[in-house]
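Subject: Handover of a structure and notes on its contents

Dear colleague,

Please find below the structure for your use. My notes on what was found in it follow directly after.

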Amino acid sequence: RELRTWIDQGNQGALKHAGSRHVVAGLRRLGIKPLKAQVRVTDPDLKLTTLIDVVGEGPNNTLWVIEIKTTTLNSSNHMKSYRRVCKRTPMMKNGVTHTEQAGHFLQAAFGALALRRLYNVHPNIPVMACVVVATADACRTYVCPDGFMDRRLFKRRTPVPLLLRGRAAANGGAKRTHRA
């Protein structure tokens with residue numbers, strides 16, 4: 001909330017929370033000036049929507065989509081766990097290795113793709129995505145690799161029809177009520 005207010009006020013004023021200061025420091029390292037917070041984007045063809053945490057402008061007229069994450073871990077422990085593959089489901093349905101970082105990259109990349117499409121961003125204007133993680137002691141910034149900027153990664157699977165069994169199927173799915 002503090003970061004959103006700060007952005008709405010033109011990036012002016014002091015930030016009280018260490019996490020907010022860490023995020024701003026990370027954005028400055030990337031050369032990004034925050035423009036707007038909490039921007040809703042949708043893709044009607046994919047039937048997906050998200051709120052972009054921050055949209056900013058960087059060097060060379062680059063438009064940035066920034067996903068902000070926080071953790072109580074310090075930077076060292078965060079970095080150890082962020083790329084760790086999930087033991088239960090090592091691959092996502094879209095074929096991407098299942099890590100916390102990959103999930104964040106997918107969220108940021110979808111925001112970038114949807115922003116470009118929804119606002120008809122000119123093809124000469126680059127749109128990049130990144131994840132900024134405020135840790136307990138610092139800030140880590142991760143630029144989203146180009147491979148995540150692929151609409152096919154967000155394609156929804158075809159719905160599977162429900163199969164009803166027994167009496168409910170014979171009655172067209174309706175339950176019978178009995179009168180006493």
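A disulfide is taken here as a pair of cysteine sulfur atoms within 2.5 Å. By that criterion, a search of the whole structure returns zero disulfides. Please bear in mind throughout that this is a predicted model.

**Cysteines**

The sulfur of C139 has its closest cysteine sulfur in C130, at 9.1 Å, which is too far for a bond. C144 likewise takes part in no disulfide, and the nearest cysteine sulfur to it, again that of C130, is 8.9 Å away.

**Helix α3**

Helix α3 spans residues 75-82, and within it S75, H78 and Y82 are buried. Viewed down the axis of α3, these buried residues fall within an arc of 60 degrees, so they line one face of the helix. Their packing partners are α4 (100-118), β4 (127-134) and β5 (139-143). At the start of α3, a side-chain oxygen of N74 comes to within 3.2 Å of the backbone nitrogen of S76.

**Aromatic pairs**

A pair of aromatic rings is described by the distance of the centres and the angle of the planes. The count for this model is three aromatic pairs; two of them are described here. One is formed by Y82 and Y142, a tilted pair with 4.8 Å from centre to centre and 35 degrees between the planes. Since Y82 lies in helix α3 and Y142 in strand β5, the pair ties together parts that are 60 residues apart in sequence. Both Y82 and Y142 are buried.

Another pair joins F110 and F154, and this one is also tilted: the centres are 5.6 Å apart and the planes make an angle of 55 degrees. This pair links distant parts of the chain, with F110 in helix α4 and F154 in the loop between β5 and α5 (166-170), 44 residues apart. F110 is buried, its relative accessible area being 5%, and F154 counts as buried at 10% relative accessibility.

**Nonpolar cores**

The largest nonpolar core has 29 residues, and those with the most contacts inside it are I52, V65, L115, V131, F148 and F154. At least two residues of this core are supplied by each of β1, β2, β3 (62-70), α4 and β4. Helix α4 provides the largest share, nine residues. Leaving aside neighbours within four places in sequence, F154 is in contact with L46, L48, L106, A109, F110, L113 and F148. There is also a second, separate core of 17 residues, which includes L3, I7, L27 and I32.

**A114 in helix α4**

A114 is located in helix α4 and counts as buried at 1% relative accessibility. Setting aside its neighbours within four places in sequence, A114 is in contact with V41 and T42. A114 and L46 are separated by 68 residues in sequence, while their C-alpha atoms are 9.8 Å apart in space.

**Positive phi angles**

Two residues may be of interest if you check the backbone geometry. N11 has a positive phi of about 65 degrees although it is not a glycine. N11 lies in the loop between α1 (2-8) and α2 (18-29) and is buried, with a relative accessible area of 18%. K47, also a residue other than glycine, has a positive phi near 60 degrees. K47 is found in the loop between β1 (33-43) and β2 (48-58). In contrast to the buried N11, K47 is exposed, with a relative accessible area of 63%.

Yours sincerely

Definitions and conventions
Residues are numbered from 1 along each chain as its sequence is written. This is a predicted model: local features need pLDDT of at least 70, side-chain atom pairs count only at pLDDT 80 or more; totals for chains, interfaces and linings use all residues. Side-chain values use heavy atoms; hydrogens and water are left out. Buried means under 20% relative accessible area, exposed over 50%, partly exposed in between (1.4 Å probe, protein chains only). Helices (H or I, at least four residues) and strands (E, at least two) are DSSP runs, numbered from the N terminus. The arc is that of the directions from the helix axis to the C-beta atoms. Contact means heavy atoms within 4.5 Å. A polar contact is a pair of N or O atoms within 3.5 Å; within protein, one must be able to donate a hydrogen and the other to accept it, and residues adjacent in sequence count only if both atoms are side-chain atoms. Rings of Phe, Tyr and Trp (its six-membered ring) pair if their centres lie within 6.5 Å; planes under 30 degrees apart count as stacked, over 60 as edge-to-face and the rest as tilted. A nonpolar core is a set of buried Ala, Val, Leu, Ile, Met, Phe, Trp, Tyr and Cys residues joined through side-chain atoms within 4.5 Å.
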